[in-house]
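Colleague: I am new to this structure and would like to learn how to read it feature by feature. Could we begin with the picture itself and then take the terms in turn?

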Amino acid sequence: MTKPAAPKRHLPTSPFKAPVTPTPKHFTEGDQVTHDVYGLGRVISIEEGIAALVDFGSEQVRVLSPYAKMTKL
């Protein structure tokens, strides 16, 4: 079987709770962050709602939103 292209919508008459959507993370320039793959870094610039350019010392990486693997320290 294949996965449906669109997520299922919640019906108001459903006895089940509506799925919780995660709140988007917000970063600003100069924030110190940690990434699951790249390690410690500092945010250089932000493309609002799209990506963040982060300097990890050895390389600069453009991390796309929703920043699943990146947390603010």
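Modeller: Let us start with burial: a residue is called buried when its relative accessible area is under 20%, exposed when it is over 50%, and partly exposed in between, using a 1.4 Å probe and protein chains only. Here F27, with a relative accessible area of 8%, is buried. This is a predicted model, in which local features need pLDDT of at least 70 and side-chain atom pairs count only at pLDDT 80 or more, while totals for chains, interfaces and linings use all residues. Residues are numbered from 1 along each chain as its sequence is written, and side-chain values use heavy atoms, with hydrogens and water left out.

Colleague: What average pLDDT does the protein chain have?

Modeller: pLDDT is the predictor's confidence in each residue, from 0 to 100. The protein chain averages 86, and 89% of the residues score at least 70.

Colleague: Which residues make up the largest nonpolar core?

Modeller: A nonpolar core is a set of buried Ala, Val, Leu, Ile, Met, Phe, Trp, Tyr and Cys residues joined through side-chain atoms within 4.5 Å. The largest one here has ten residues, namely F27, V33, V43, A52, V54, F56, V61, V63, Y67 and M70. Strands are DSSP runs of E with at least two residues, helices are runs of H or I with at least four, and both are numbered from the N terminus; β3 (51-55) and β4 (60-64) are the elements that give two or more residues to this core.

Colleague: How many aromatic pairs does the structure hold?

Modeller: Rings of Phe, Tyr and Trp (its six-membered ring) pair if their centres lie within 6.5 Å, and planes under 30 degrees apart count as stacked, over 60 as edge-to-face and the rest as tilted. The structure holds two such pairs. In one of them, the rings of F27 and Y67 have centres 5.1 Å apart and planes at 90°, so this pair is edge-to-face. The pair links distant parts of the chain, since F27 is in the segment before β1 (32-35) and Y67 in the loop between β4 and β5 (70-72), 40 residues apart. Y67 also counts as buried, at 5% relative accessibility.

Colleague: Which residues is V43 in contact with, leaving aside its neighbours within four places in sequence?

Modeller: Contact means heavy atoms within 4.5 Å. With those neighbours left aside, V43 touches F27, T28, E29, G30, D31, V33, L53 and V54. V43 lies in strand β2 (residues 39-47) and counts as buried at 3% relative accessibility.
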